[in-house]
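Me: I would like to go through one model with you, taking a few questions in turn.

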Amino acid sequence: MRVLPPMLVAVCAALTILVPRPAAAAVDVPDERALAGFFDAAMADGPAAGHAPGAVVSVVGGGKTLFSKGYGLADVENRRPFDPATSLVRIASITKLFTWTAVMQQVQQGRLDLKADVNRYLTAFRIPATYPRPITLQDLMDHTAGFEDRTIGVGARRKEDVPPLEDHLAGTVPARVRPPGEVSAYSNYGAALAGHIVSEVSGQPYDEYVRDHILDPLAMRHSTAAEPVPAPLAADLARSYDHEDGAYRREPFVFDTLAPDGSISATANDMAHFMIAHLRDGRFGDRRILDGPTARLMHRRTFAADPRIDGYAHGFKEQTLNGHRVLMHDGGWEGFQSALLLVPDADLGLFLSTNGPGGADVAAKVVPAFFDRFLPGRRTVPGGGASVVPVEGFYKPTRSAESSIEKVVALTGSTRLRVEGGKLVFGGSTWSPIGPGLYQQDGGTRRLAPVTGGSGVAYVATDGPAYRRVPWWDTPPVNVVVVALFAVTALTAVLGLPVAAAVRGVRRRPVARAWRAGRVLAGLAAAAGLVFVVLFTLVLTGETSILYGVPADVQVLLALPLLVLALTVAAIGVTVRAWRCAGVLARGHQAVVLAGLLALLWFCRHWNLLGWYL
């Protein structure tokens, strides 16, 4: 089941050592000639090799744009090259940095309190009080609100299909699945909720607020938070592409139904202005988007599951590259892949965007090479933190669904943690201890720390996502066994019906009509269940997209478990009434078949497949 394009943060994280604030070597601001030489060489065949038609980059330092350039094509069909001044790219989740900046503007003006219950600012709906502690704006910025994840319906094909933000937020409030502040779980809903709160207290729609209070003061004249892109800019919007069978296929424009989490389209030159403002304590030229104290506050760390690994700084993702503390965010939407990185101690910023599926590969090569070339430094061993004993078992990402059909994705996304000779085996890698309760990936630089939540839940926090230990009944092996047992018993029921009929014809042995009816009902339930298991496995492992909602064919498929339930209940009822009419072997087989059907029904109910949990 395909959801959203992969984000670049995992690629960048795989190349980092993540510590709070290590010492870094002093660096000189690179000149335009050196930057041009580096990027011209790095991009000589980089985008095309990664199946991206083009790329665009901008670098800032010393309060000005040091370098910006486009590479390859922004529009393949019309052979239009990338231009950093005019080619708009969809920056996707980097939009969140604008949303968090807007939140801090309202904090600066005294209209918002980061520590207040978000319900204080909501008028049309409420966030349920699932836990004693309320969700705050700080929790939203740190992605620690404890919301489940949801991908269903986050995109729309037409503007007419996009509901008003307030209505959409009210109708899709995610379940609260853990206490706030416990561990991070990236949430698009949380960012959209924060953007809506800014609109509530400012009295302006989100796109207009961003235009008036961020884009215009920063002279970002070729950027917009509106969807669709306004007519004066639409002709300059770069196109994004997938790559199939050796050819590029244009991706359609996808509307974001949670606009404050990813609606902005911007040029590389305009993004340079945004980076300059954040590196210069909120100032760009003679204009400000934040005052100095608020800008500096925004860049302070606000959450980390363990102080020795990656964290958040008021919505910025923290990383450490070559000993430099980096504030960054990435984004992926349609075929666009983008990343923004700020290096405050070097007064340097980098923005990179590509318009094809190989964007992550391009970034994986360019970003570390950029830091090695222009931001050398030394790596340090982190200190602090608690020594937590790792708990073996299966773990799933904290960013996962619980109340919708998407919950079943956790079965394919879970990974096992094992302790072997003092090392950890997790996520396809081996991790060696480098400190009390701290591990580093062998052959890499990623770090991992076991964490115990306030509720006693075992977590694994990494420099990227965090993971939660699941109970035994949620583990892949147990569920594979459950489905396999059903499949075996179901096959005996389906194949047994014609065999039994043939035997009766040869022996001419009469069978009670009621017992025969029970066998037939169980056989039909088994057949329906087998069809469902096969077809849903194809959905789960295939290219079915739920971006625009659950497809109609999948919704039809979800009727099969209900049919299995109805047939199973009827079969049990008839079997009980006719129990004395059959022999011991027949009764034993029927009991086994019904037990298999009940196992399948448990599986479907547990993973939100019994009904329409959309």
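This is a predicted model: local features need pLDDT of at least 70, side-chain atom pairs count only at pLDDT 80 or more; totals for chains, interfaces and linings use all residues.

Reply: Residues are numbered from 1 along each chain as its sequence is written, and side-chain values use heavy atoms, with hydrogens and water left out.

Me: Is helix α4 roughly parallel or roughly perpendicular to α8?

Reply: Helix α4 spans residues 95-108 and helix α8 residues 206-215, and they pack with axes 11 Å apart at an angle of about 75°. Axes are lines fitted to C-alpha atoms, for helices over the stretch in contact, and angles run from 0 to 180 degrees between N-to-C directions. Because 65 to 115 degrees counts as roughly perpendicular, α4 is to α8 roughly perpendicular.

Me: In β7, which residue is the bridge partner of Tyr-241?

Reply: Strands β6 (residues 241-244) and β7 (residues 247-250) run antiparallel and are joined by four bridges; strands pair if DSSP finds at least two bridges between them. In β7, the partner of Tyr-241 is Arg-250.

Me: How much space lies in the largest cavity?

Reply: A cavity is a set of points, on a 1 Å grid over the protein atoms alone, where a 1.4 Å probe fits but cannot get out, and its volume is the space filled by probe spheres set on the points. The structure holds five cavities of 30 Å³ or more. For the largest cavity, the space is about 120 Å³.

Key
On a 1 Å grid over the protein atoms alone, a cavity is a set of points where a 1.4 Å probe fits but cannot get out, and a pocket is an open set with protein on both sides within 12 Å along at least five of seven lines; lining residues have an atom within 4 Å of a point. Helices (H or I, at least four residues) and strands (E, at least two) are DSSP runs, numbered from the N terminus. Angles under 35 degrees count as roughly parallel, over 145 as roughly antiparallel, 65 to 115 as roughly perpendicular and the rest as oblique.
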